[in-house]
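Take a look at the chain before reading on. How is it built, and what does its overall shape look like?

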Amino acid sequence: MKSRVELSSTSVVLTFLLFAFLLGSAYTMYRQNALAAAWIIIGLTVVLALSVLIFAPMYVSADEHEVCIFSSFCFKRIPMESIDSVKL
């Protein structure tokens, strides 16, 4: 069984607001000639965006032996015998 991960609207909105805040902060620092601070904020934004791409789950698959969680660049396998319970 393979199922696509549905992102909640709350997580999408909060992620968008965070990135908008960070980019707005970088722009404000740039306009105030605080270039070092602007570059630090831009670097932080890039690191956060890359971590989202690497670790955000894209889809989940399960069979009788294991559950696999796939993201853009990596995946995690969880053996069925190590799962005690499951909640929605």
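The paragraphs below go from the fold to the shape, the surface and one residue.

This is a predicted model, in which local features need pLDDT of at least 70 and side-chain atom pairs count only at pLDDT 80 or more, while totals for chains, interfaces and linings use all residues. Residues are numbered from 1 along each chain as its sequence is written, and side-chain values use heavy atoms, with hydrogens and water left out.

Start with the fold. The protein has two helices and four strands. These are DSSP runs, numbered from the N terminus: helices are H or I of at least four residues, strands are E of at least two. Their order along the sequence is β-α-α-β-β-β.

Now the shape. The C-alpha trace spans about 60 × 25 × 20 Å along its principal axes. The radius of gyration is 18 Å, whereas a compact globule of 88 residues would have one near 12 Å. That radius is taken over C-alpha atoms, and the globule rule is 2.2 Å times the number of residues to the power 0.38.

Turn to burial. Of the 88 residues, 12% are buried, meaning under 20% relative accessible area (1.4 Å probe, protein chains only). The protein exposes about 7,300 Å², and carbon and sulfur atoms supply 69% of that area. Accessible areas come from the Shrake-Rupley method with a 1.4 Å probe.

Finally, find S25. This residue lies in helix 1, residues 9–31. S25 counts as buried because its relative accessibility is 17%. I42 is 17 residues from S25 in sequence and 9.1 Å from it in space, C-alpha to C-alpha.

Key: Buried < 20%, exposed > 50% of the residue type's maximum accessible area, 1.4 Å probe, protein only.
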